[in-house]
Structures are given as C-alpha cells and as structure tokens.
Amino acid sequence: MDYLEERKFICKIAKSLFDRKLTDAAGGNISIKVSEDHFLMTPTLASVQYLWELEAAQILLVDKKLSLIEGTGRLTREINMHMSFYHSDPRIKAVIHAHPLNLMVYSCIGTDMPIVCENLRFGPDAIRCLDYAPATTEKLAHFVGDYSQNMATNKERLPYGMLLREHGVIVGATNLAFANDYLERLETNAYVHLHSQALLQQGYEYYTDKINVTYESHE
C-alpha cells in the first residue's frame, strides 16, 4: 500500500476532528498532496457511515486527473473544492473541510468571524465568509479557488481558511498537522467570540491595552 504512514495519520486526524466536535456526522473531508501527481483523500460518507473511524485502506489515492489509483471507497463530490485550493495556491499541501460546532454559527448567518485570540494574529483580522454557492458545485469550488489565489498572490501567511456560507469551513496549510492545528484555533476563537457577546451585553468591555507583539504561526 503506497503512502501507508500518511494514510494512518489522516485516519488519526479524522477521528480526532469528530471526537473534538471540529466536524460532525453530517460531513467534511481531508486531503493531502503527497506528490505533484498524487493526492490522498478521505472517501465519501466517511462521516455518515463510519463516524470518522477509518482504516488506512479506506483512504483514497488519486492522481491529478482524479482517477482512483488505490483505496476502498468512492470519491467525494467535494474533491473539486480541494483541488481548486491546491491549484490556486501551490504552497498548500493539506486541506481540511469541516463543520465545527461554533464556526457553523458564523457560516450559517453568512458573516465574517472577527479574530479575538492572540494565536491567530499572524493572519487577517477576520475570517472571510464566502458568498453562497450550493455544496459540491463548481461554483463553490470557484469561490474557494478565487480566495485562495488572492491569498497566494498577496503572499499572505499560511495557514489560512475561509467560511463557506451555510456549509462549513475549509482550511489549507503546508501539512496536515498544521491544518488541524489552525482549524482548532479558529474553532476556539469562534467559541470565545460567541460567548463574549453575553459578557458585553452585561456591561463588560473588551480589554484593549494589548502588548504590541506579533504572534507567529508554525509556518
């Protein structure tokens, strides 16, 4: 079996995403670029049928034309969104699409998420929510690719991601560990920002006397 260790790591991350509510039983997918011609990806229905408890043999190996080389299962129709990410920003080597519990709030009301946590200061001030396009469509893949290409052109720091309106979130990084780490940071930020609103309504104010320090990402 080719890329066995990479397949095992995808399985480990997939189970962790579900256990930590970074995605749900309704969907999501993971992919990594293992060479200029080859990609590994979780199969369709990994969430619904398997609750993200996958085995290495279920991870699909495909070429850049999306021909299945190895693995038991079928390709998800959302692979077009992943490939658009890879094609638009050659720096990206891993992509996670997920439905995190708190980030879904921003996604479903269609608003950008403000950054309030220090460990996300290396990126933009808010996580962009893209315009609506139905799941699995070429239009949605195009929106993802356009945003990714803009980030690459402007040489924005990695990792980065975007909210998919009424759908979820997608993030890209130079490896899967960093993509997973970034997704968790975004979800924590969503939790903090959502709950801070209750304190603000009670008269609390944001602490603004911040030390002028730029927090570095892993990359």
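Author: Helix α2, residues 79–88, is mostly covered, with 9 of its 10 residues buried. Buried means under 20% relative accessible area, exposed over 50%, and partly exposed in between, with a 1.4 Å probe and protein chains only. Helices (H or I, at least four residues) and strands (E, at least two) are DSSP runs, numbered from the N terminus. The buried residues of α2 are Ile79, Asn80, Met81, His82, Met83, Ser84, Phe85, Tyr86 and Ser88.

This is a predicted model, in which local features need pLDDT of at least 70 and side-chain atom pairs count only at pLDDT 80 or more, while totals for chains, interfaces and linings use all residues. Residues are numbered from 1 along each chain as its sequence is written, and side-chain values use heavy atoms, with hydrogens and water left out.

Leucine 103 is found in helix α3, residues 103–109, and counts as buried because its relative accessibility is 2%. Leaving aside residues up to four places away in sequence, leucine 103 touches Met113, Leu163, Val169, Leu183, Leu186, Glu187 and Ala190; contact means heavy atoms within 4.5 Å. The C-alpha atoms of leucine 103 and glycine 73 are separated by 29 Å, and the two residues are 30 apart along the chain.

Histidine 193 lies in helix α5, residues 176–201. With a relative accessible area of 13%, histidine 193 is buried. Tyr106, Pro114, Val116 and Tyr206 are in contact with histidine 193, again not counting residues up to four places away in sequence.

The cysteines come next. Cysteine 11 counts as buried, at 9% relative accessibility, and cysteine 129 is buried at 7% relative accessible area. A search of the whole structure finds 0 disulfides, a disulfide being a pair of cysteine sulfur atoms within 2.5 Å. For cysteine 129, the closest cysteine sulfur is in cysteine 108, 8.9 Å away, so the two are too far apart for a bond.

As for the record, an unreviewed UniProt entry annotates residues 8–194 as "domain: Class II aldolase/adducin N-terminal". UniProt positions are given in the numbering used here, feature names are shortened, and annotations may be inferred rather than shown by experiment. Over residues 8–194 the chain is 34% helix and 19% strand, and the end C-alpha atoms are 35 Å apart.
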